[in-house]
Amino acid sequence: MDMGTTGFDFESLDWNAAFPELPLGVASAWDEINYPHPDEHPVNEGETFDEDEESIDSSDGDKDEVISQISERMGSLQVTEDGEFRYFGATSNLNLLDEVLQQNHFETEPIRSRGREREDNARLSQHVDSALIAHLISLYFAWQDPAFHVVDRRMYEEKRKLYESGTDDSTFYSETLTHSMCALGALYETRRHPHLPAPLSEFFSAKAKIWLEVELDSPRVATIQALVIMSSYEAACTRDARGWLYSGMSMRLALDLGLHTDMTPYVQNGQMSSEEAQTRGVAFWGSFIVDQ
């Protein structure tokens, strides 16, 4: 007989024996606790419901419709004060709004002035010829973009011209994006540029990090694209920890800007063009692939 450490003989128990019934008074009190309403009764063995199964099936469509409506309200894109789309999920009351939020014109001049001021303070304001920038960007699209496609070149160049002319500012262009592409493109550059700090790739990488700090106050799609490229650059320089940090930031911002959502309704109601929706999708999948 094994009493174990508890002093109780478990082997003597008959585990197949039926449990004793509760006393009458205790049993009736238990029933009142579990079934306080007279219409509620447990289903006895062999008892079946009289509901028509066909009526149950007919109600499935209504339930699906309700679930669909609730799902649509669980998250939505809204235009915020900086002019960017933001994704508001189930924990935000703003996802219940059908109209866009009050939209003010996004002031880009403070960002430009702050970025240039920080470049001056870091002694990174050396003049870079536009031909060199175009050359480095071409190297990026020739050698890096085919492996991790995250930037639509036509959209980028179109929005860059508008940005440089001062006539428009777009979510698909930023200084961080340009400098990050130049940094990766410089890894493939064979010529020397003695009038610029060496190595050339680190020079543009430092500029990208300066502008990133400014843009994070109001991130845009181009900021996400730049983070993906900066992640690849840091990994190429064997700085894996920083590379993973940038890729994680890009993925988190992609969700914040709602790049993971279906843009079809927003294209149909005229809030964005099909090209813009496609560019957002390219940025999301590029960020997702690099992060994985």
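Student: Where is the place of Gly286, and why does Gly286 count as buried?
Tutor: Gly286 is in helix H11, residues 274-291; helices are DSSP runs of H or I with at least four residues, numbered from the N terminus. Its relative accessibility is 5%, and buried means under 20% relative accessible area, exposed over 50% and partly exposed in between, with a 1.4 Å probe and protein chains only; therefore Gly286 counts as buried. This is a predicted model, in which local features need pLDDT of at least 70, side-chain atom pairs count only at pLDDT 80 or more, and totals for chains, interfaces and linings use all residues. Residues are numbered from 1 along each chain as its sequence is written, and side-chain values use heavy atoms, with hydrogens and water left out.

Student: Which residues does Gly286 touch, leaving aside those up to four places away in sequence?
Tutor: Gly286 touches His149, Val150 and Val228, where contact means heavy atoms within 4.5 Å. The C-alpha atoms of Gly286 and Val150 are separated by 4.6 Å, although the two residues are 136 apart along the chain.

Student: Why is Ser180 called buried?
Tutor: Ser180 has a relative accessible area of 3%, which is set against the limit of under 20%; therefore Ser180 is buried. Ser180 lies in helix H6.

Student: What makes H6 roughly parallel to H8?
Tutor: The axes of H6 (residues 175-186) and H8 (residues 221-236) cross at roughly 20 degrees and come within 8 Å. Angles under 35 degrees count as roughly parallel, so H6 is roughly parallel to H8.

Conventions: Axes fitted to C-alpha atoms, helices over the stretch in contact; angles between N-to-C directions. Helix = DSSP H or I, 4+ residues; strand = E, 2+ residues; numbered from the N terminus. Parallel < 35°, antiparallel > 145°, perpendicular 65-115°, else oblique.
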